[in-house]
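Subject: Structure handover

Hello,

The structure I promised is below, followed by notes on what was found in it. Please read the notes with the coordinates open.

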Amino acid sequence: MTARKMIETGINVKPPWSISNQHLDAGKHPNEVYLEVVADSHELYPCPSCGKKRQVRNMATMVWRHQNFFEFPCYVVAQAPEIDCPDHGPVKVKVPWDGQASRLTVAQLAQARQPSAARQSLNRILNAGQIGMGADTCTKERVNNV
């Protein structure tokens, strides 16, 4: 499997979509990864409301936050098609990686819904009722009142 195919699979990019470019912005701290995705503007795309396939009327640049890539923030930048549906007017086509939550990808949304390992450990300790801190012991109630 090529690196491009692996990345396309990882963010759920499939025809008529494809990755046109990827780059690392080393000028930012931490570095940022950008994956540029294009759609075939000659393809017919389904209306998100009725499913009828329509021609592209416009392309709009949109950005989604994806899971980190080797601990670097990763963004999907795409030329997303807009169609003109006679029943629903001009609408943006649903892209396969969109998690439908404040421009997060499906993968980022799933990760955001998972509690971190540190939070899970803290919750287990809190649910047990005590946090040991050397000679001192904090109860759940004391932690909540701090």
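For the strands discussed here, two of them count as paired if DSSP finds at least two bridges between them. The model itself is predicted.

Strands. S1 covers residues 17-25 and S2 covers residues 32-39; the two pair in the antiparallel sense, over eight bridges.

Cysteines. There are zero disulfides in the structure. A disulfide would need two cysteine sulfur atoms within 2.5 Å. For Cys-47, the closest cysteine sulfur is that of Cys-50, at 3.8 Å, so the pair is too far apart for a bond. Cys-85 also has its closest cysteine sulfur in Cys-50, again at 3.8 Å and therefore too far for a bond. As for accessibility, Cys-47 is buried, at 3% relative accessibility, and Cys-85 is buried as well, with a relative accessible area of 2%.

Helix H1. This helix spans residues 3-10 and includes Lys-5. With a relative accessible area of 42%, Lys-5 is classed as partly exposed. The C-alpha atom of Lys-5 lies 9.4 Å from that of Ser-18, and the two residues are 13 apart along the chain.

If you look at one site, which cysteine holds the sulfur closest to that of Cys-85? It is Cys-50, at 3.8 Å.

Regards

Terms used: Residues are numbered from 1 along each chain as its sequence is written. This is a predicted model: local features need pLDDT of at least 70, side-chain atom pairs count only at pLDDT 80 or more; totals for chains, interfaces and linings use all residues. Side-chain values use heavy atoms; hydrogens and water are left out. Buried means under 20% relative accessible area, exposed over 50%, partly exposed in between (1.4 Å probe, protein chains only). Helices (H or I, at least four residues) and strands (E, at least two) are DSSP runs, numbered from the N terminus.
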